[in-house]
Amino acid sequence: MEIDLRPPMNGCLLALVTVLTLGLYPLLRRMGEGHFIRRMDETGFETRAGKRFAWNDVRRVQRTLGKVQGVALSDELVLFTDQGRASLPTWRAGNAEGAVDYLLRHAPRSER
């Protein structure tokens with residue numbers, strides 16, 4: 001299952017931020033998204049940075065909500081492994097419900 005990420009902001013605003021940061025924004029955004037899950041399959045998942053993890057490596061799954069003055073701005077499922085962490089950003093995923101269901105079906109049950 002491929003995870004499609006929506007852009008964090010609209011096109012015009014994205015262009016303005018890119019110009020204001022002298023073209024560094026796309027590079028910084030890519031670096032910041034390295035821990036996001038790119039794809040999941042029966043054996044495990046791969047992050048956008050290219051790291052592969054098996055499902056049995058997952059020690060804990062934690063839901064994280066980012067709120068500002070009571071308004072939810074972000075919602076992620078963070079997967080903790082011995083090699084690091086990865087996250088599924090449901091607030092930016094185009095197919096969020098299907099991805100969450102797939103992840104919860106394959107992650108070890110005893111560790112949630």
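A: In this predicted model, Arg 39 has a relative accessibility of 31% and therefore counts as partly exposed, since that class lies between the limits of 20% for buried and 50% for exposed.

Q: What makes the contact between Arg 92 and Glu 33 a salt bridge?
A: The closest N and O atoms of Arg 92 and Glu 33 are 2.7 Å apart, and a salt bridge requires a side-chain nitrogen of Lys or Arg within 4 Å of a carboxyl oxygen of Asp or Glu, so the pair meets the criterion. The two residues belong to distant parts of the chain, with Arg 92 in the loop between strand 6 and helix 3 (96-106) and Glu 33 in the loop between helix 2 and strand 1, 59 residues apart. Both Arg 92 and Glu 33 are buried.

Q: Why is the pair of Phe 45 and Trp 55 called tilted?
A: A search of the whole structure finds 2 aromatic pairs. In the pair of Phe 45 and Trp 55, the rings are 5.2 Å apart centre to centre, with 50° between the planes; the centres therefore lie within the limit of 6.5 Å, and the angle falls between the 30 degrees below which a pair counts as stacked and the 60 above which it counts as edge-to-face. Phe 45 lies in strand 2 (residues 44-47) and Trp 55 in the loop between strand 3 (52-54) and strand 4 (58-68), so the pair ties together parts that are 10 residues apart in sequence. Both residues are buried, and together with Phe 53 they form one aromatic cluster.

Q: What makes strand 5 and strand 6 a pair, and in which sense do they run?
A: Strand 5 (residues 71-81) and strand 6 (residues 84-89) pair in the antiparallel sense over 6 bridges, and because at least two bridges are required, they count as paired. Val 78 has Ser 87 in strand 6 as its bridge partner, while a hairpin of 2 residues joins strand 5 to strand 6. Along the sequence, the chain follows the pattern α-α-β-β-β-β-β-β-α, which comes to 3 helices and 6 strands.

Q: Why can Leu 24 take part in a nonpolar surface patch?
A: Leu 24 has a relative accessibility of 46% and counts as partly exposed, and because patch residues need over 30%, this value meets the accessibility requirement. Leu 24, Leu 27, Leu 28 and Met 31 make a patch of about 420 Å², and Leu 24 itself lies in the loop between helix 1 (11-20) and helix 2 (25-32).

Q: How do you know which residues Val 17 is in contact with, once its neighbours within four places in sequence are left aside?
A: Val 17, which lies in helix 1, is then in contact with Met 9 and Tyr 25, a contact being defined by heavy atoms within 4.5 Å. The C-alpha atoms of Val 17 and Glu 2 are separated by 28 Å, although these residues are 15 residues apart along the chain.

Key: Residues are numbered from 1 along each chain as its sequence is written. This is a predicted model: local features need pLDDT of at least 70, side-chain atom pairs count only at pLDDT 80 or more; totals for chains, interfaces and linings use all residues. Side-chain values use heavy atoms; hydrogens and water are left out. Helices (H or I, at least four residues) and strands (E, at least two) are DSSP runs, numbered from the N terminus. Patches are made of residues with over 30% relative accessible area and no salt bridge: like charges are joined within 9 Å, nonpolar side chains (Val, Leu, Ile, Met, Phe, Trp, Tyr) within 5 Å. Accessible areas come from the Shrake-Rupley method with a 1.4 Å probe; for residues, only the protein chains shown count as cover. Buried means under 20% relative accessible area, exposed over 50%, partly exposed in between (1.4 Å probe, protein chains only). Rings of Phe, Tyr and Trp (its six-membered ring) pair if their centres lie within 6.5 Å; planes under 30 degrees apart count as stacked, over 60 as edge-to-face and the rest as tilted.
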